Amino acid sequence: MVRCPECAAALDVDEDEVEEGEILSCPECEIDLEVVQTQPVQLNVISDEEEMEEEEAEEEEELGEDFDEEEPEEREGDEE
């Protein structure tokens, strides 16, 4: 039986049905948990900071790509 590391609620997790890196949610405290090991199943709490950092990194990558594409147009507009 796997327990939520945050609230200790029993979680119905089958070792054969989860993969490392998979994200689960606790039905009791609704916190997101990452599967860090499958046999035996071990879960880590995903903090809001980690989620925010990942989202920011993805946004920066997207903005970086968009910025590179738009940069010449902006320069032309500035010169006029």
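## Burial and surface

Of the 80 residues in the chain of this predicted model, 18% are buried, meaning under 20% relative accessible area with a 1.4 Å probe and protein chains only. The accessible surface amounts to about 6500 Å², by the Shrake-Rupley method with a 1.4 Å probe. Carbon and sulfur atoms account for 38% of that surface.

Local features require pLDDT of at least 70 and side-chain atom pairs pLDDT 80 or more, whereas totals for chains, interfaces and linings use all residues. Residues are numbered from 1 along each chain as its sequence is written, and side-chain values use heavy atoms, without hydrogens and water.

## Elements and contacts

The chain holds one helix and five strands, taken as DSSP runs (helices H or I, at least four residues; strands E, at least two). From the N terminus, their order is β-β-β-β-β-α.

Of the contacts (heavy atoms within 4.5 Å) between residues at least 6 apart in sequence, 19% link residues at least 24 apart.

## The sheet

An open, antiparallel sheet consists of three strands in the order β3-β4-β5; strands count as paired if DSSP finds at least two bridges between them. Because β3 (23-25) and β5 (41-45) are edge strands with a single partner strand each, one side of each has no neighbour in the sheet. From one strand to the next, the twist averages 45°, with axes fitted to C-alpha atoms and angles from 0 to 180 degrees between N-to-C directions.

## The β4-β5 hairpin

Strand β4 (residues 32-38) pairs with β5 through five bridges in the antiparallel sense. Two residues lie between these strands in the hairpin. Leu33 has Val45 of β5 as its bridge partner, while Thr38 is opposite Val41 in β5.

Key
Buried means under 20% relative accessible area, exposed over 50%, partly exposed in between (1.4 Å probe, protein chains only).
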